[in-house]
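Dear colleague,

Please read the notes with the coordinates open.

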Amino acid sequence: FSAWEFAGCDKLWAGLVTTLCHHVRSHFGALPLSVFHVLGSRPRFASGFSQREWILKKGVCLRLWGLLLLLGAGVAVLLVALLVPGIKEHRALKVVGSAAASLSGSSLLLGALSILKNFLVSEKKKIERLTNSDRFAGQLGFMSKIREEVEVLVDFLAFMEVFERRRLRVVLEITGLDLCYPEKVAGVFNAMATLLSDANAPFIFLLAVDPSVIIPCLEQAGSMKGLADNGYLYLNRAVSLPFSIPETGSRSRLRSVEAAVRTREDLLYGIIAGNVAKSRGQIVPDAVPSWKEADSEAAAWIREAFRCLHDASDALSGYLPENGASIRRIVNTVPITLRLLLHRSGGAAIPSARAAAAWVVLADRWPCRLSWTLQCLEDSGQSHPHPASKSLWSIFREHSAELSALRRPLGKVLSLDGDPELFQAFLARDFPFSAAEAREFLAVTVNLDHSIRRQMGLLRALERL
């Protein structure tokens, strides 16, 4: 269940329930569930040492057999009254037979129509109709209607456990919850509590979330006031088996890089574009060599940058983030940065592909500290310019006390940065970028929010006032 797909609806928890109903119906089939919805009930396991595994719902069975016997008797009486010569004149027998046959037949027909109705109208459609109805939305019995549909599924699963002679569990993996609004998050937790309120419910929820995002949502949701004032305590009560994913190892990060690189089309772009242009007859013969040469040069630089990211022996691979989304951002940004560098150079010497990839990693992992360093470099260029060979780390170290004094207004931006000790090792030891290189890379940096630098420049100006 991807919560993001249902984030636009008013009742996100209803999407969770409808997803459950839809998958159970799809797995076992619509007809068995429809028949059980009308005729079945939850099996009651026999107590003691009885050989019987379960006991049928006697009331339904007796009514069904009674209606069938009544239908057979009524048809028999009616046929006798119509066909036997000596009894044809007895109108009372005709009335009794027709009445018995019509009553039993109509009851059986109503049952068949109920099964047909449940076959055509799924539980998912019923719940969606209830949630769309203003008449039910404000009533206390609204949740009981939803609960009834869920209880039918639970009873059906218990029946199928006996029928298939194996344990059945419904596992729901909930993802995308940290992309939704606080009220939506609270609604999903309420739906989970509703489904798990039965101790024998065959549901297992796998909640894949980032607690640092979910806990503030629970604390801010208006419907959770008083219940989740402390989001950590509420999450501890809601989750029965916590599992925090350990820190990603170097091999896992390299596999993520490899998977992200496979999605890139930059290395095949020249071939694809050339074939398309040839098929349309749009290539100018004199422009082909220069275009091919520029594109092949960019492809070679991109391959080299990706090789450095994927090489376990390269120091750059040790600074890759653990988050898969961050790795994809880096892999998507490196080709753009290299193409911009080649375009701006105009044939002049440019930094290596490894340095460009390292700069992209630096901007992605430490946007606040890098923005602060670049802003200090820019401000100093207006009064006392730093030497071109001066390292970025020395510039940051000179102004780190000023950054520490601005921790309160820059708190949210500082939270975007990774480990500060790795930042020191990155700039002071492995990649000592100079002021000149920083100015050159800044012109082609696309994965760094420049509004952060503008905010820092304003704060520095206010402090100097």
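A search of the whole structure finds 15 aromatic pairs, where rings of Phe, Tyr and Trp (its six-membered ring) pair if their centres lie within 6.5 Å, and planes under 30 degrees apart count as stacked, over 60 as edge-to-face and the rest as tilted. In one of them, Tyr319 and Phe426, the ring centres are 4.9 Å apart and the planes stand at 85°, so this pair is edge-to-face. Because Tyr319 belongs to the loop between helix H13 (288–310) and helix H14 (324–345) while Phe426 belongs to helix H20 (residues 420–430), the contact ties together parts that are 107 residues apart in sequence; helices here are DSSP runs (H or I, at least four residues), numbered from the N terminus. Both Tyr319 and Phe426 are buried, meaning under 20% relative accessible area with a 1.4 Å probe, protein chains only (exposed is over 50%, partly exposed in between).

Tyr319 also pairs with Phe431, with centres 6.4 Å apart and planes at 70°, so that pair is edge-to-face as well. Phe431 is buried, with a relative accessible area of 6%.

Ring pairs link Tyr319, Phe426 and Phe431 into a cluster whose members also include Trp359 and Trp366. Arg365 lies over the face of Trp366, 5.3 Å from the ring centre, the criterion being NZ of Lys or CZ of Arg within 6 Å of the ring centre and within 35 degrees of the ring normal.

This is a predicted model, in which local features need pLDDT of at least 70 and side-chain atom pairs count only at pLDDT 80 or more, whereas totals for chains, interfaces and linings use all residues. Residues are numbered from 1 along each chain as its sequence is written, and side-chain values use heavy atoms, with hydrogens and water left out.

Best regards

Technical notes: Helices (H or I, at least four residues) and strands (E, at least two) are DSSP runs, numbered from the N terminus.
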